[in-house]
Amino acid sequence: MQTLLQKYWYRLRSSLWFVPTIMTCLAVAMALSAVALDRTVTNDWLQILGLSYSGGAEGASLLLGTVAGSMIAIAGTVFSMTLVALSLASSQLGPRLLRNFMRDTANQVVLGTFVATFLYCLIVLRTIRRADEVAFVPHLSISIGVLLAIVSVGVLIYFIHHISVSIQADQVVARVGQELDDGIDRLFPDNLGDSGPEASRAPDEACLPAQFAREGYTVGALQDGYIQMIDADALMALASKEDLLLRLERRPGHYLAKGRAMVMVWPKDRVTETLAGKLNASFVLGNQRSAVQDMEFSLQQLVEIALRALSPGINDPFTAVACVDRLESALCSLARREMPSPYRFDGHGQLRLVATGATFAGIVDTAFNQIRQSARSNPAVAIRMLDAIAQIAGHVNSAQQATCLQRHADMIVKGAREAVPEADDVLAVEVHFTEAMLALRIFGS
């Protein structure tokens, strides 16, 4: 249930309407409260506090009508500017980055400010009564409306600055890089149960029952979609309650077709239709990937920006280099950490869950493979990737990680030798390749 709530909260925060809706509700409440206060507090007190509106009912109606009309017009302009920014981001940086712009709190607050001011003025306007009726001018409410209009002007100026900065490639890359760093922080340590005494062993030394592979029962997915989140607590509680051993066949970010293997359960004689339903309920599926538990999603966003920057239509190697910079930072942070054990134990030391996660080599492949392939003929990007490998080499903690980095360095220099036409450019790539090899050999020694 907690994971499901987290999914819906993530969807709400990724929508343009959530924050404006909250601000609109607050504006309605503030308008009703201000009008009620105007009806109970005498005008003398408002004059003492400097909050009294000096005009009559006609002037008050005209003032609030002008503010309301201008606010809804500006809200339309803001919405149009936001769509232009989204269109530019989609064409230049990739459609999957639209989510980042929609989740931008500043854009949501700006849009909400204008809509809330408009609705506030509209509600107050309907309470004004002229002299031929029962005269009533809500002086405090009108003063608040004027104050909101002044604040809205400042918000408009801020929005123009913010939208011009937020669509810059370096800013977009920085935001995605920060999201990637947050994803690495969430991944380590892993939360799928407690690590028992067997957790540090290699996979072939774990205490898996000998009959698990041949007697386990595969539970398939009941629907199609990408795995966005897995309710780890629910899986551990279910495995402990039913005395089961579970092995996850897929992890967040993978696509599941209906009926495809999702969880291996042992012993199989305890599997019922109800249990299969509970297991499926622990997997949150959606039409697109999510960065909540899928660190590689943010990684692939950086790769997508770099690939588009290296395409002939855009030809922007500087943006590709900026993406490699962020990938370097993330991989340095990842190399300093110990990959979590796939074996998870309950509070009694009983193995309950096997959840194989991403490996360092797999993450490095995701980060470098496609960029390396697209940058074969671009010495600047190839040199920057070799420099990144040299920096990451200073943080690796195993020979397997160093071997993975060396493999990528070999492929980078090989691609440059085959695709770069200028001998001097190839020589520059080879110099940085030598530096990267030296950094890796220092680790090996």
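This is a predicted model: local features need pLDDT of at least 70, side-chain atom pairs count only at pLDDT 80 or more; totals for chains, interfaces and linings use all residues.

1. Asp 243 counts as partly exposed, at 39% relative accessibility. The residue sits in the loop between helix H10 (232-242) and strand S3 (245-248). Its phi is positive, about 55 degrees, although Asp 243 is not a glycine.

2. Asn 315 belongs to the loop between H12 and H13. With 56% relative accessibility, Asn 315 counts as exposed. Most residues other than glycine have a negative phi, and most peptide bonds are trans.

3. The peptide bond that joins Trp 266 and Pro 267 is cis, with omega at about 0 degrees. Pro 267 is placed in the loop between strand S5 (261-266) and H11. Helix H11 (residues 273-281) also contains Asn 280. Is Asn 280 buried or exposed? Asn 280 is buried, because its relative accessible area of 13% is under the 20% limit. Setting aside neighbours within four places in sequence, Asn 280 is in contact with Val 219, Gly 220, Ala 221, Leu 222 and Met 262.

4. As to overall composition, the protein has 17 helices and 8 strands. Of its 445 residues, 46% are buried. Among contacts between residues at least 6 apart in sequence, 80% join residues at least 24 apart.

5. The largest nonpolar core holds 61 residues, of which Ile 305, Leu 331, Phe 368, Ile 371, Ile 389 and Ile 392 touch the most other members. Two or more residues are given to this core by each of helix H4 (57-92), helix H8 (169-187), helix H12 (295-310), helix H13 (317-335), helix H14 (360-374), helix H15 (379-393), helix H16 (399-419) and helix H17 (423-444). In soluble globular proteins, nonpolar side chains tend to be buried together.

6. Which residues does Leu 331 contact, leaving aside its neighbours within four places in sequence? They are Phe 360, Ile 363, Val 364, Ala 367, Phe 368 and Ile 392.

7. Ala 320, in helix H13, is buried, with a relative accessible area of 0%. Beyond its neighbours within four places in sequence, Ala 320 is in contact with Ala 306, Ala 309, Leu 310 and Val 381. Ala 320 and Val 303 are 17 residues apart in sequence, and their C-alpha atoms are 8.4 Å apart in space.

8. Glu 296 lies in helix H12 and is buried, its relative accessible area being 12%. Not counting residues up to four places away in sequence, Glu 296 touches Arg 251, Arg 289, Ala 358, Ile 363 and Thr 366. Thr 366 is 70 residues from Glu 296 along the chain, yet 7.8 Å separates the two C-alpha atoms.

9. How do H4 and H6 pack, and at what angle do their axes cross? The axes of H4 and helix H6 (residues 105-125) come within 8 Å and cross at roughly 155 degrees. H4 is therefore roughly antiparallel to H6, since the angle is over 145 degrees. The crossing is left-handed. Among the residues that make the contact are Leu 64, Ala 68, Met 71 and Ala 75 of H4, and Leu 111, Phe 114, Phe 118 and Cys 121 of H6. By class, the residues of this contact divide into 16 nonpolar, 3 polar and no charged.

10. H4 also packs against helix H7 (residues 139-166), at an angle of about 20 degrees and with the axes 11 Å apart. These two helices are therefore roughly parallel to each other. H4 passes H7 in a left-handed crossing. Residues making this contact include Ala 60, Leu 63, Met 81 and Ala 85 of H4, together with Ile 142, Gly 145, Phe 159 and Ile 163 of H7. The contact of H4 with H7 has 16 nonpolar, 3 polar and no charged residues.

Conventions:
Residues are numbered from 1 along each chain as its sequence is written. Side-chain values use heavy atoms; hydrogens and water are left out. A nonpolar core is a set of buried Ala, Val, Leu, Ile, Met, Phe, Trp, Tyr and Cys residues joined through side-chain atoms within 4.5 Å. Buried means under 20% relative accessible area, exposed over 50%, partly exposed in between (1.4 Å probe, protein chains only). Helices (H or I, at least four residues) and strands (E, at least two) are DSSP runs, numbered from the N terminus. Contact means heavy atoms within 4.5 Å. Axes are lines fitted to C-alpha atoms, for helices over the stretch in contact, and angles run from 0 to 180 degrees between N-to-C directions. Angles under 35 degrees count as roughly parallel, over 145 as roughly antiparallel, 65 to 115 as roughly perpendicular and the rest as oblique. A crossing is left-handed if the near helix is turned anticlockwise from the far one by less than a right angle, and right-handed if clockwise. Ala, Val, Leu, Ile, Met, Phe, Trp, Tyr, Cys and Pro count as nonpolar, Asp, Glu, Lys and Arg as charged, and the others, Gly among them, as polar.
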